[in-house]
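Dear colleague,

Please find below the structure that I am handing over to you. I would be grateful if you could look through it together with the notes that come after it.

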Amino acid sequence: MITRSPAFLQRHDEAKPLVTPPAWQAQLAGAIRDPAELCRRLGLNEAWRPGAEAGHALFEVRVPEAFLSRMRPNDPSDPLLRQVMPLGEEALTTPGYVTDPLAEAMHTPAKGLIHKYAGRVLLITSPTCAVNCRYCFRRHFPYDDNSPSRAQWEATLDSLRGDPTIREAILSGGDPLAASDRQLAWLVERLEKIPHLKRLRIHTRLPVVIPDRVDNALLEWLGATRLQKVVVLHINHANEIDDAVVGACERLKAAGVTLLNQSVLLRGINDGVDTLTALSERLFEAGVLPYYLHVLDPVAGAAHFDVPDDEARELVAGLRDVLPGFLVPKLVREIPGEGSKTPL
Ligand SMILES: *Cc1c(COP(=O)(O)O)cnc(C)c1O
Ligand code: SF4
């Protein structure tokens, strides 16, 4: 590795044209997208290749370096690797596992807008994610139909303006923070002009998989808005939270953000009382409260991650035995047609 003197860096920075993309965008563009490379980098032998290629053909591999660096090499059972490693099992069809498990197609009144629950709307702010999680319930989501233009955003904003029951706008995706700060600032500037809107919520995994995403440009628009701010992170295992992630959480908190986390209960990844306890403890060290523990949505290609309901209830009972109440996430399922998440 080449070390440069601070003076050199400074001159280098000054010479940079204003259009230099932020560091996180380069990391996003440089994410691993090749199953063979993922296997090679983690020291997985050739036997993993065909399955990885088959899964990748269904839902492409995407793993940023910052996330990869937290995995143990030569360990196919690493809990971070298993979240992102495509497998041949993804090609199996399982009764009850479908492409749109949450029937979101039925609740899309405008392009990029999902309104299922009273008082809050979900805005599909970016069609892409920084990481492709194999269990993702939107792995088949028709993002091409849900990528609104500015004019369509204006129409969506008009519909929010006309509905005083909406208190909260939730930026979702994909990963909303995969959008540029310019786009996000544009949107938030308009949202905060809607008088009945009180809260801005952002559901994102980017501060976890690329902690550099929480940079000054992001903190500028986020810190400036009059809306109350909640960021719901998505972390499934304590090993995901390294010092860089803690730093990102600290920066968000300093900007006035309430930090929550949602996890998905995943076979072979976090389906143990000790593992989930360590996750809650580590989250709180980073200043994050556990919010939801979701059972798996029955999305085609992810059946091998399923944990039966009875086992899920037992796990959470086990958490209640050892953790303070505020570190026990709510165990929920999303059932299409229901007005909220359903407690198990
Ligand atoms: C999960 C979800 C929300 C948020 O639900 P909360 O219980 O408030 O966290 C809102 N809209 C949609 C469409 C959702 O799927
Ligand atoms: S970050 Fe969230 S939306 Fe994106 S692939 Fe993972 S689970 Fe799906």
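This is a predicted model: local features need pLDDT of at least 70, side-chain atom pairs count only at pLDDT 80 or more; totals for chains, interfaces and linings use all residues.

Nine strands form an open sheet with mixed pairing, in the order S1-S2-S3-S4-S5-S6-S7-S8-S9. Its edges are strand S1 (113-117) and strand S9 (342-343); each has a single partner strand, so one side of each is left without a neighbour in the sheet. Strand S2 (residues 120-126) and S3 run parallel and are joined by six bridges. Within this pairing, Leu123 has Leu171 in S3 as its bridge partner.

Ligand 2 is surrounded by Cys129, Val131, Asn132, Cys133, Cys136, Arg138, Gly173, Asp175, Arg205 and His234. This shell divides into four nonpolar, three polar and three charged residues.

Gly173, one of the residues around ligand 2, is joined to Gly174 by a cis peptide bond with omega of about 20°. Gly174 is placed in the loop between strand S3 (168-173) and helix H8 (181-191).

Although Asn74 is not a glycine, its phi is positive, near 60°. Asn74 counts as exposed because it has 9 C-beta neighbours inside 10 Å.

With kind regards

Definitions and conventions:
Residues are numbered from 1 along each chain as its sequence is written. Chains are lettered from A and ligands numbered from 1 in the order in which they are written. Helices (H or I, at least four residues) and strands (E, at least two) are DSSP runs, numbered from the N terminus. A residue is buried if 20 or more other C-beta atoms lie within 10 Å of its own, exposed if 12 or fewer, and partly exposed in between; C-beta atoms are placed from the backbone. A residue is near a molecule or strand if its C-beta atom, placed from the backbone, lies within 6 Å of it. Ala, Val, Leu, Ile, Met, Phe, Trp, Tyr, Cys and Pro count as nonpolar, Asp, Glu, Lys and Arg as charged, and the others, Gly among them, as polar. Two strands pair if DSSP finds at least two bridges between them.
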